Number of protein chains: 2
Amino acid sequence: MATEAADADVDAYEQFLQKVQRIHNVKHAGMILSWDQQVTMPEGGTPARSQQSSTLSAISHELLTDDEMGDLLDELEDRDLDDEQQAVVREVRREYERAARVPNELVEELTQTTSEALPKWEQAKEEDDFSVFAPTLEKLVELRREYAEHIDPDRDPYEVLFEEYEPYLGIDTAEETLERLRDELVPLVDDIRDSDVELATPFDGTYDAETQEDLARDTLDALGYDWDRGRLDTAAHPFSSGNQFDARVTTRFDESDPLGALTSTVHEFGHATYTQGLPDEEYGTPLGESRDLTVHESQSRLWENHVGRSRAFWERFLPELAERFPEAEDVSVDEMYEALNRVFEDNLIRVEADELTYHMHIVVRFEIEKQLIRGEIEVEDVPELWNDKYEEYLGIRPETDAEGCLQDIHWSHGNFGYFPTYSLGSVLAAQLYASAEEEIDDLEGKIREGDFEPLHEWLTENVHQHGARYTTDDLIQEATGESFTADYFLDYVEAKFADLYDLDR
Amino acid sequence: MATEAADADVDAYEQFLQKVQRIHNVKHAGMILSWDQQVTMPEGGTPARSQQSSTLSAISHELLTDDEMGDLLDELEDRDLDDEQQAVVREVRREYERAARVPNELVEELTQTTSEALPKWEQAKEEDDFSVFAPTLEKLVELRREYAEHIDPDRDPYEVLFEEYEPYLGIDTAEETLERLRDELVPLVDDIRDSDVELATPFDGTYDAETQEDLARDTLDALGYDWDRGRLDTAAHPFSSGNQFDARVTTRFDESDPLGALTSTVHEFGHATYTQGLPDEEYGTPLGESRDLTVHESQSRLWENHVGRSRAFWERFLPELAERFPEAEDVSVDEMYEALNRVFEDNLIRVEADELTYHMHIVVRFEIEKQLIRGEIEVEDVPELWNDKYEEYLGIRPETDAEGCLQDIHWSHGNFGYFPTYSLGSVLAAQLYASAEEEIDDLEGKIREGDFEPLHEWLTENVHQHGARYTTDDLIQEATGESFTADYFLDYVEAKFADLYDLDR
C-alpha cells in the first residue's frame with residue numbers, strides 16, 4: 001500500500017510538473033516573440049504581433065489559474081515530496097495564488113491601458129508635457145492599486161506590488177537599504193563635488209559602430225560567453241532574454257562614446273551568463289528558472305561594476321581595445337579606470353548615471369511611486385516632487401519633465417515596485433563579490449590574467465545552478481553565509497571613490 | 001424575437017471567431033519560433049525550442065478539437081450566416097473534422113517518430129546507406145496510413161493525406177495532371193536532348209555572397225516587396241513565412257552561381273507577396289490566411305518562371321546585375337535568358353532542376369509514395385524503383401541513393417502527399433498568368449519597363465485578397481473563368497522550349 005500511495009504521489013506530481021512545463025514553454029515562446037519584436041521584426045508587424053503576444057499571455061495565465069491547477073496544488077499539499085519538489089510547488093503556488101485572485105477583466109484592462117499608455121508617455125516626453133501622460137498614469141495607478149487589493153486587501157498595496165518583482169526579501173529590507181544608500185551616498189557625492197580631482201576623459205573622438213560591435217564581441221569572448229547558446233544583436237533598449245539553452249544579449253552603440261556600449265554589453269553578459277548557468281535538466285520548471293529581479297540584477301552588476309569597471313580587467317583588456325581603436329594606444333590603465341568610474345554629479349538621467357548617483361535616481365522614483373500607490377500624493381504632484389527630490393539628493397534640479405519624471409518608460413508599462421530591485425541588485429552584487437573574493441585565491445590576479453573561469457564556477461555553484469530552488473534570502477545565506485546586507489556595497493564604494501577622488505573621509 | 005435570434009447567431013459566431021483567432025495566433029507564434037530556429041537561433045537552443053514548439057502545436061490542436069469547438073460548430077450549423085461567415089465555418093469545420101478524428105497518442109507518436117527520423121535521414125544520406133533510414137521510413141509510412149484511416153477508413157489513404165496539403169482539387173486532378181505532364185514532357189525533354197543547340201552559360205566566375213545579397217535586395221525592391229512588412233535573411237533551406245503584417249523571405253548564396261539565389265529569391269518573393277496581399281482586417285481567420293499549397297506555389301512559380309525567367313524582365317534588370325557584377329556587362333539579354341532557361345537533362349537533383357525536368361522529379365516521388373502508402377510496394381523496394389523510374393523518365397540512372405531517393409527531406413518530416421502540389425502550383429501559375437496577360441494591357445511591355453503594379457493588382461484582386469474564402473477550384477474559376485487545367489502550362493513550355501532549342505515539333 002505504501003508503494004501505491006507513493007505512486008499516486010508521483011502521478012499527481014508528474015501531472016503537475018507537466019502542466020508547469022507547459023506554462024513555462026508558453027512563457028518562453030512569448031519571450032522569443034518579444035525578442036523578435038525588439039530585434040528583427042519589421043515595423044509593420046505590430047498589429048499581428050500584439051495579438052500573438054497577448055494570446056500567449058492569456059493562455060499561460062489561464063493554465064496557471066485553472067481549476068486543474070488549484071486541485072493539483074491542493075492534492076500535493078499533504079504529499080510526501082522531496083526538497084526540490086517542495087521548492088517547485090512553493091514557487092508555483094505563490095504565482096498561482098497571486099494570479100488566481102486577480103479577475104481576468106482587470107488583467108485585460110491593465111493590458112489595454114498599458115498599450116495605450118506607451119504612446120502617451122512617448123508623446124508627453126517628446127513634447128515635454130506631463131499633462132499628456134497624467135490621465136493615463138492616474139488610471140494605471142488606480143488599476144495597480146486595485147490589483148494589489150485583490151491579491152491582499154490587508155496589506156500595503158505597494159508592498160504587494162513590490163513582491164511581484166522581489167517576492168522574498170521584504171519591503172522593509174528594500175526601504176531600509178534605500179534609505180541607507182541615500183543617507184550615505186548623498187554626503188559621499190557631496191564630497192566628490194567638492195573635490196579638486198578631475199578624472200581622465202580620454203575618449204573624445206568618433207568610434208564607429210561596426211568596430212564597437214567587434215569590440216563587444218571580443219569582450220563577450222574574453223568573459224566566456226557561450227556563443228553556442230547565445231547571440232549578440234543591437235536594440236534600441238539593451239536587454240537580455242532567453243533560457244539556459246539560448247540566452248541572448250543586445251546592446252546599442254553611440255559613436256561618441258565607446259565606453260557606454262562596453263559597460264552595457266558586460267552588464268547584459270552578466271544577466272545572460274546567469275541564464276546560461278541554470279541547470280539544463282530543469283528547463284521548464286522553477287528549478288531551471290532564475291531567482292527574481294534582485295538576484296538577476298546582482299549578476300549583471302557584479303560583472304559590470306566589480307569586473308568590467310576594475311583596474312585588473314583593463315590591465316588585461318586595454319590592448320584589445322587599442323587593437324580595435326588605435327587612438328586608444330596612448331590611454332593608460334589608470335586613465336581607463338578613471339574614465340569608467342567618473343561620477344557625473346550633474347547628470348539628470350538614470351541610464352547615463354555612474355555607480356554612485358545611480359542609486360539616487362532609484363531612491364527618488366521609489367519614494368514617489370510608494371506615495372502614489374499608497375494614495376499619499378496625487379499624480380499632478382509628481383513633477384514638482386520629483387524636481388525637489390533631485391535638488392535635495394543630487395543638488396541639481398531638472399529644468400524639464402522630459403529629463404525629469406518622464407525620463408523612464410517603466411511607469412508606462414504599468415510597473416510599480418520594479419525600480420528598487422535595481423539598487424538591491426547592485427548591493428547584492430557587492431556582497432556576492434566579497435564572498436567570491438574570499439573563497440577564490442587571488443581573484444583580482446586571475447581577472448588580470450583574463451582567467452574568469454574560477455568566478456564563473458563560483459557563481460554557478462552558489463547562484464546559477466540553484467535556479468529558484470531557494471528563496472532569495474536563503475540563496476544569499478547559502479552563498480555568503482550572511483543575510484542580505486548593504487555593508488559590502490558601502491565599503492566598496494567608499495574605498496573606491498575615496499581613492500579615485502582623493503577624499504579624506 | 002427575430003432580432004433576438006439574430007443576436008444569438010451573432011454571439012455564437014463571435015465566440016467561435018474569437019476561438020478561431022486564438023488558434024491562429026498560437027499557430028503564427030509557432031511560425032515565428034520556427035523562423036527564428038532556422039534563421040537566428042544559436043545551435044545550442046534546440047532542446048528548449050523543440051519543447052516550446054511542440055507545446056504550441058499541442059495547444060492549437062487541443063483548442064481546435066475540444067468539446068467547445070464541436071459544440072460551436074454544431075450550433076452554427078443551422079444559423080443564418082453570410083457568405084464570408086460560411087466560408088470561415090467551412091474551413092474550420094474541415095480542419096476540425098480531420099484533427100478530431102486522430103487520437104492524440106497517434107499525433108504524439110508521429111511527432112516523436114518524425115523528430116527521430118530527421119537525424120536518421122541525414123545519416124543515411126551522408127553515408128549513402130538507405131538501410132539506415134529504411135526502418136524509420138517504414139514506421140512513418142505505417143503511422144501515416146493509420147492516420148489516414150482514422151480520418152476516413154473508407155477512402156484511399158493517399159488521397160486522404162494529399163488533402164492535408166490540397167483539400168479541394170481532388171486526387172484525380174492530381175493524378176491526371178501529373179500523368180499528362182509525364183506523357184508530354186518526357187518526349188519534349190528527349191527532343192531537347194537530341195537538339196544540337198547549346199544554350200549560353202555566361203556565368204563561370206566567382207560571385208561573392210555579399211554582393212549577391214545586395215542584388216537580391218535590389219531584386220526584391222524592383223519587384224515591389226514591402227520591406228515595412230518583411231525582411232530578407234539567409235537560411236540553409238530557403239523559405240518564406242509569416243502573415244500579412246510580417247511576411248519574411250530567406251535565401252542562400254552559392255558563390256559559383258549567382259542565378260540560383262536570384263531565382264530562389266524571386267520564388268520566395270512570390271510566396272511572400274501573396275502573404276502580404278492577404279486582407280489585414282481578416283488576420284487570424286481563414287479569410288486572412290492563404291489558400292492551400294497549390295495556390296501558394298502558383299504564386300511563387302508565377303513570379304519565378306513567368307516573370308523572373310522572362311526576356312522582358314531581364315531587358316529591364318540586366319543593367320542592375322551588371323552594376324553589381326561588372327563581369328556581366330558583356331552578357332546579352334539573350335544569353336541571360338538562355339542561362340536561366342537551360343534544361344539540365346542529366347541532372348538528378350530536384351532542387352537544381354529546370355522548369356521542365358522538375359516535374360519528372362515530382363512524378364517519380366508521387367508515383368512511389370502513392371504505392372508505398374497504398375501498401376502496393378515495400379520500403380525496401382524504393383531505391384531500385386526510384387532508379388528505374390529516373391532511367392525511364394529522364395534517361396539517367398542515379399548511381400547512389402544519396403542522389404536518388406534520399407535526396408529530399410520531406411519523407412523524414414512524415415510528409416506524404418505534399419510533393420504533387422509543387423507541380424500543380426506550376427501548372428496553375430501558367431493558367432493564372434495567361435489570364436493576367438489577357439486582362440492586363442501589354443503585360444510584357446510593363447514588365448520590360450519595370451512596372452509590376454498592374455500584375456500585383458491583378459493577383460491581389462483575383463487571388464490574394466480572398467484568403468481562403470473560396471475553395472481552390474472556385475478561386476481558379478473566379479480568377480480565370482475556367483476550371484484547373486494544364487493546357488496553359490503545356491502550351492507555354494512547348495512554345496518556350498521549342499523556340500529556345502530550335503525544335504521542329
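Everything here comes from a predicted model.

**Two helices in chain A**

Let's start with helix 8 (residues 171–194) of chain A and helix 14 (residues 358–373) of chain A, whose axes lie 10 Å apart at an angle of about 135 degrees. Angles over 145 degrees count as roughly antiparallel and 65 to 115 as roughly perpendicular, so helix 8 of chain A is oblique to helix 14 of chain A. The crossing of helix 8 of chain A with helix 14 of chain A is left-handed. On the helix 8 side, the residues that meet helix 14 of chain A include A:Leu178 and A:Leu181, while A:Val363 and A:Phe366 are among those on the helix 14 side. Sorted by class, the residues of this contact look like this:

| Class | Residues in the contact of helix 8 with helix 14, chain A |
|---|---|
| Nonpolar | 10 residues |
| Polar | one residue |

**A sheet in chain B**

Now to chain B, where three strands form an open sheet in the order 1-3-2, with mixed pairing. Strand 1 (232–234) and strand 2 (240–243) of chain B each have a single partner strand, so one side of each has no neighbour in the sheet. From one strand to the next, the twist averages 20 degrees.

Strand 1 of chain B runs parallel to strand 3 (residues 246–251) of chain B, and three bridges join them. In one bridge, B:Asp233 is partnered by B:Thr250 in strand 3 of chain B. Helix 10 (residues 258–276) of chain B lies across strand 2 and strand 3 of chain B, at about 170 degrees to strand 3.

**How the chains are related**

Which rotation superposes chain B on chain A? A rotation of 180 degrees does, with 0.0 Å of shift along its axis and an RMSD of 0.0 Å. The two copies are therefore related as by a two-fold rotation axis. Both copies use the same surface, as 100% of the contact residues of chain B recur in chain A.

Methods
Residues numbered from 1 in each chain as written. Chains lettered and ligands numbered in written order. Predicted model: local features only at pLDDT ≥ 70, side-chain atom pairs only at ≥ 80, totals over all residues. Heavy atoms only, no water. Axes fitted to C-alpha atoms, helices over the stretch in contact; angles between N-to-C directions. Helix = DSSP H or I, 4+ residues; strand = E, 2+ residues; numbered from the N terminus. Parallel < 35°, antiparallel > 145°, perpendicular 65-115°, else oblique. Left-handed = near helix turned anticlockwise from the far one by under 90°. Contact = heavy atoms within 4.5 Å. Nonpolar A, V, L, I, M, F, W, Y, C, P; charged D, E, K, R; others polar. Least-squares fit on C-alpha atoms with pLDDT ≥ 70 in both. Pairing = 2+ DSSP bridges.
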